[in-house]
Structures are given as C-alpha cells and as structure tokens.
Amino acid sequence: MPDPHPNEPPPDGETEVARLIGRLARGPVGAAALPPPLVRATRWLALVAALAVLLAFFADLDAMAGRLTGQPEAAIGLAASVLTMILAALAAFEIALPDRSPLWALLPLPSAALWVAAGIAGYARVVMDETAYDPTLEEVRNCLLIILALALPLCALLVAMLRRAFPLWPRLAAATAGLAAAAAGLSLFTLFHPWDAAAVDLAINLLALALVIGASLWFGSPALTNRLSGKMRRRM
C-alpha cells in the first residue's frame, strides 16, 4: 500500500533512531584506528624496560646478582613478577576492546600465583635463619614508598593508554592494569632490594599490590567509565 503522505518528513524520534543506527553500524569511534593490543602492550613494556635500564646505572648489580644466585626463590619470584607484568599488560589492552572476552583477566593469574608462592617459600627459608636481617619500620616504609613511586606513574600511564579504546569492562580493565603496574614496580625495586628478610618482603609485596590495584580501581575505573559514557553520548 503506497504511503498516503510521501512528502511528509518522518517524526523526530524516527529520525534520531535512524541516525543512531547509522552511527552504530559504522562501529566504535576510533577503535579501528588502534594498533593491536600486543603492539600497544609492547609500547608500555618498552617504557618499563627503558626505566629499568636507567635505574640500573644507579643500582648495585653485583649485589642483586648475588641475592638472586643465593636465593633461588627470589630469582623465581622475580621471573614470575616480570611475567605477570607482561601478561597483565596484554590482558588489560585486550579487555579494553569492546569485542574481547573479560576472561582475558585470567591470563596473568597463574604467574601471579607463582610469584606469591615464591614469596611464601622465601618466608619459610628466612624463618629458619636466625641471622636474617630485621628491618626497621622506617626502612619498611621507605621501601613501600619507593615501590609506589615506581608503580603508580606506570599505572596512570597504562590507564591513559587504555582510554583510547572502548572498554565495556572498565573496572576489570583498571584492576588488570593495576596488577601490571604493581608487578612492574616490584620488579624494578629488585634493583635496589636492601636486605634478605622475606617475611617483610612478602608483606610489602602484598600491600603494594593491594594499594596499586586499589588506586587503579579508584581513579582509573571512573576515567575509563567516563570515556565509555562520553562515546555513547556522542553516538546519540
């Protein structure tokens, strides 16, 4: 049946719906222009590696090598923390894309579990050693501040890079970014590790991990959520 009013414009509501459908059909704004997650993760990891090289000029590398050689669990813990950093960074960039599964957040968990297990093994060793160094509260505080000073800027940078995508899981992306940054900060801190006190090490590592992930959720999640909301508003 022909339209009885062929020259009348469609109602405003129908026009907006048609415009919205057309915009949605073109895909997420800017998503197609983003490099693959592996490339973007590599860029962030390259900055961490450059920072490690810079800090190595001020570190006692012989002392660090001696600690890692004499403490197998410390070497395993360092390897696990570096692997956690790499996998968590990749997972964060994957989760930030709208067509990726949130199950990417599981990728760094096995290496993170190995990292914690190595810390527990170191704690068990030091408990049996009566000559182990007992750090002061001020030394513990200073170490924690150094770790946070390394991890938090890296976390902020990672969240800023994630904002270029279209995260449908902003809290999960922020938490995974926090894990990557915490692992980076703790790995870098190995260059300046001042003592063999694995009980304190384990507590500092867990506290730093909780603080960095918490900060990423507190500040990073709203930033990623606002990014998502802004894009949705522009589409409408």
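1. How much space lies in the largest pocket? About 200 Å³ lies there. A pocket is an open set of points on a 1 Å grid over the protein atoms alone, where a 1.4 Å probe fits, with protein on both sides within 12 Å along at least five of seven lines. Points are joined across faces, edges and corners, and the volume is the space filled by probe spheres set on them.

2. This is a predicted model, in which local features need pLDDT of at least 70 and side-chain atom pairs pLDDT 80 or more, whereas totals for chains, interfaces and linings use all residues. Residues are numbered from 1 along each chain as its sequence is written, and side-chain values use heavy atoms, without hydrogens and water.

3. The lining of the largest pocket (residues with an atom within 4 Å of a point) includes L45, M64, L78, A184 and S187. Helices α2 (37-56), α4 (72-95) and α7 each supply at least two lining residues, and the largest share, 4 residues, comes from α2. Helices are DSSP runs (H or I, at least four residues), numbered from the N terminus.

4. By class, this lining has 11 nonpolar, 1 polar and no charged residues. Ala, Val, Leu, Ile, Met, Phe, Trp, Tyr, Cys and Pro count as nonpolar, Asp, Glu, Lys and Arg as charged, and the others, Gly among them, as polar.

5. Helix α7 (residues 170-189) has 20 residues and should span 28 Å at 1.5 Å a residue, in agreement with end C-alpha atoms 28 Å apart; the expected span is 1.5 Å times one less than the number of residues. Of its 20 residues, 17 are buried, so α7 is largely enclosed by the rest of the structure. Buried means under 20% relative accessible area (1.4 Å probe, protein chains only).

Conventions. Buried means under 20% relative accessible area, exposed over 50%, partly exposed in between (1.4 Å probe, protein chains only).
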